[in-house]
Amino acid sequence: MTLIPEIGHFALWLALGVALCLGVVPMAGAATGRRDWMGLARLGAYALFALVTVAFICLVVAFVRHDFSVLYVASNSNTALPLQYRIAGVWGGHEGSLLLWVEMLCLWTVAVAAFSKHLPQAVVARILSVMGLISVGFLLFMLFTSNPFDRLFPAPPEGRDLNPLLQDLGMVIHPPMLYMGYVGFSVAFAFAIAALLGGNLDSTWARWTRPWTTVAWMFLTVGIALGSSWAYYELGWGGWWFWDPVENASLMPWLLGTALIHSLAVTEKRNGFKSWTVLLAILAFSFSLLGTFLVRSGVLSSVHAFATDPSRGLFILVFLTVVVGASFALYAWRAPTVGLGKRFALWSKESALLGNNVLLLVAALAILLGTLYPLLLDALGLGKISVGPPYFDAVFMPLMAPAVFLMGVGPLARWKETDLPSLALRLRWAAAVAVLASLGVGALAGEVRLVSTLGLLMTFWVVGSVATDLWERVHPAGSSWAEAPAKARQIPRALAGMMLAHLGIAAFCFGVAMVKTYEVERDVKMAVGDTTTVRGYTFTFGGVKELQGPNYVAMQGQMQVSHDGGAVLEMRPEKRIYRVQQNPMTEAAIDVGVTRDLYVSLGEQVEGGAWIVRVYVKPFIDWIWGGCLLMALGGWLAVTDRRYRLKAGAAA
Amino acid sequence: MTPRRKRMAIALGLVAVVGAATALVLNAFQSNLVFFYTPTQIDAKEAPSGRTFRLGGLVVEGSVKRTGVNVAFEITDTAKAVPVQFSGILPDLFKEGKGVVAQGQLENGVFQAKEVLAKHDENYMPPEAAEALKNAAIANQKTAATLVSAP
């Protein structure tokens, strides 16, 4: 027995007090013009961060030292659990992941406090106050409904162990990344609220907001990609996206964040779309909160649903209503004064960006409908239904196809007004490349199908457009090739980042189109010595042998694979039983390749020592996550652009 | 075009996009709703044939029979049981006597499952399955009550 959990608990209460002060005093100072009150904002942010970090470290220590007198530790850890998973266990359950959420929020708050020296004091005071108020909400939630430091008397000698599915490196980093993204949108939200309150909504405001939004978006992109790849290799059935409510909960803020990034570009460059941008900033964070509600209330039947109690759901619902209601009320009150910004013509960059914004928003709303409708019917007692992947596929793809088309047009269109015939002329090569390449790839793969051709068209259209853009910049009409390197160096990082991110979308579309069309999934019964051939790969089953892990026993399958009679490779899928929870767990064996993944997983043992085995060949599946990584890298490149470093300071 | 006309054109374009999207969404929504039925409802012939729906309850003890990649088992809500056919690999947490949700279609009284849903947590009961059991329990009580009150 140590006092460490008490210290953590106490630190959380102190943090609540500090957050309350931070939420009220600088805000009041900004309203009344009292500089000393506003000056407390930064101090408050640092103190809040320090206190929550103390609490967080206390929980980590409790996990590392196996303090099973803490209920949360006893339910999510075990003496046999390796150290890295004990640390990941901190966010392996409900209470701890909330603490991680608040820790991330404080991290963002401190980052704003540290990198906002150039901002007017009143603006900083308002922003940090808003973030303090959000902290108040989450701290209250944690302290009253889900305290990670609750004690358990008498302390059990052994813990219940971490859910085996979460004992994985991807799961160690997925939640922090995702939360950094979710919570990061609180910064854009706070900037928007501060601007509405202060009435200083202009292109300077947009330039301050942009890097923060992009960084949050970057983390969210990586977080979603990690979650998707985790589902692929850990759930044992080879899918990468299930349209699970919790996946939707992360995709909706991503779509709105993407729209926000593009809308901010118009606000910064053209001082336009201002009320729209503010609305998106509010919506993006509201959807992050809604995501938290969906995941943490346990209202949805989902792979992430843990047993939860309804008071938590109610609290988040009330919190959500207060935040969304208050910010929309403020928006309705102040937005009419914001103004519409500069005029633009029908054919212009603004129009393309507006179109993309509308499509992204509609897609997010369509996903919202499919995710919430079952909840609504259930709450009204009208029966239980579910909305499956076919709905989301049928809706999402037709909405994203025109958005990707606009993605090829927008970057080449001019602000304010663009000449349509000349724009079409500039894009003729991109269009030709797209058509030829997509048909060519189909022919190479052996069959041309509508869905894959459409996906490939999108891919090569974007590649062609980015290439055209690059060509025009490096080698404009009338320039010599000798100037090209100098011209290439002149391309601002923000622009290069955009190009890279768009290429990421292309890579993503390519991966999806190839996997959807050309993957082969086969469940077969295999006895020792049996072979099965899938797309030129011959799989030979060599039986299973028993294996001892640190906290599990496994049956390990021996699968030899040869390609067209060539080199042989060994794949070892496992079926694990974790000793404490006694749950079976399928550990797929994956041979990763640039052009294809081989995926083997063990089903169950049947009569005569044979096994049911999953044998999949997934062409270009890694391009899906590679594309997400490119998008994130593009975001990073854009954030490091000179103009943010000079005028707005680097973001976190 | 005059500026006024341009604005009209942009507005009309947006309305067209949103309208088309809404039509698309609602149409897809209509045809892809998956309803949930309990074994009791299926026994009472309330479930549709030729349409995909979900069935939930407990896996009947001793009912799981494998032949190669095909597996047959029964799902019960403690009142009635429905035979289920499935081809492929069952989720790790599929166990006799535990909660389960299957998605598929009813053909000649046998539920042909396309999907058997997996859960993260062994103690977690899918809400649909829990609901089926609760309904059956309430129905049981009612029958018991009528039996007692009947003269």
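Two residues are in contact if their C-beta atoms, placed from the backbone, lie within 7 Å. The structure is a predicted model, in which local features need pLDDT of at least 70, side-chain atom pairs count only at pLDDT 80 or more, and totals for chains, interfaces and linings use all residues. Residues are numbered from 1 along each chain as its sequence is written, and chains are lettered from A and ligands numbered from 1 in the order in which they are written.

In chain B, 57% of the contacts between residues at least 6 apart in sequence join residues at least 24 apart. Chain B holds 3 helices and 7 strands. Helices (H or I, at least four residues) and strands (E, at least two) are DSSP runs, numbered from the N terminus. Their order from that end is α-β-α-β-β-β-β-β-β-α. Of the 151 residues in chain B, 30% are buried (20 or more other C-beta atoms within 10 Å of their own, with C-beta atoms placed from the backbone).

Chain A is divided into domain 1 (1-167) and domain 2 (520-620), with bounds from an automatic or database domain assignment. The domain centres, taken over C-alpha atoms, are 42 Å apart. In chain A, 8 residues of domain 1 are in contact with 8 residues of domain 2. The domain 1 side comprises 5 nonpolar, 1 polar and 2 charged residues. Here Ala, Val, Leu, Ile, Met, Phe, Trp, Tyr, Cys and Pro count as nonpolar, Asp, Glu, Lys and Arg as charged, and the others, Gly among them, as polar.

Helix 1 of chain A covers residues 4-32. Gly33(A) follows this helix, with a positive phi near 80°.

Key:
Buried ≥ 20, exposed ≤ 12 C-beta atoms within 10 Å, placed from the backbone. Expected span 1.5 Å × (residues − 1).
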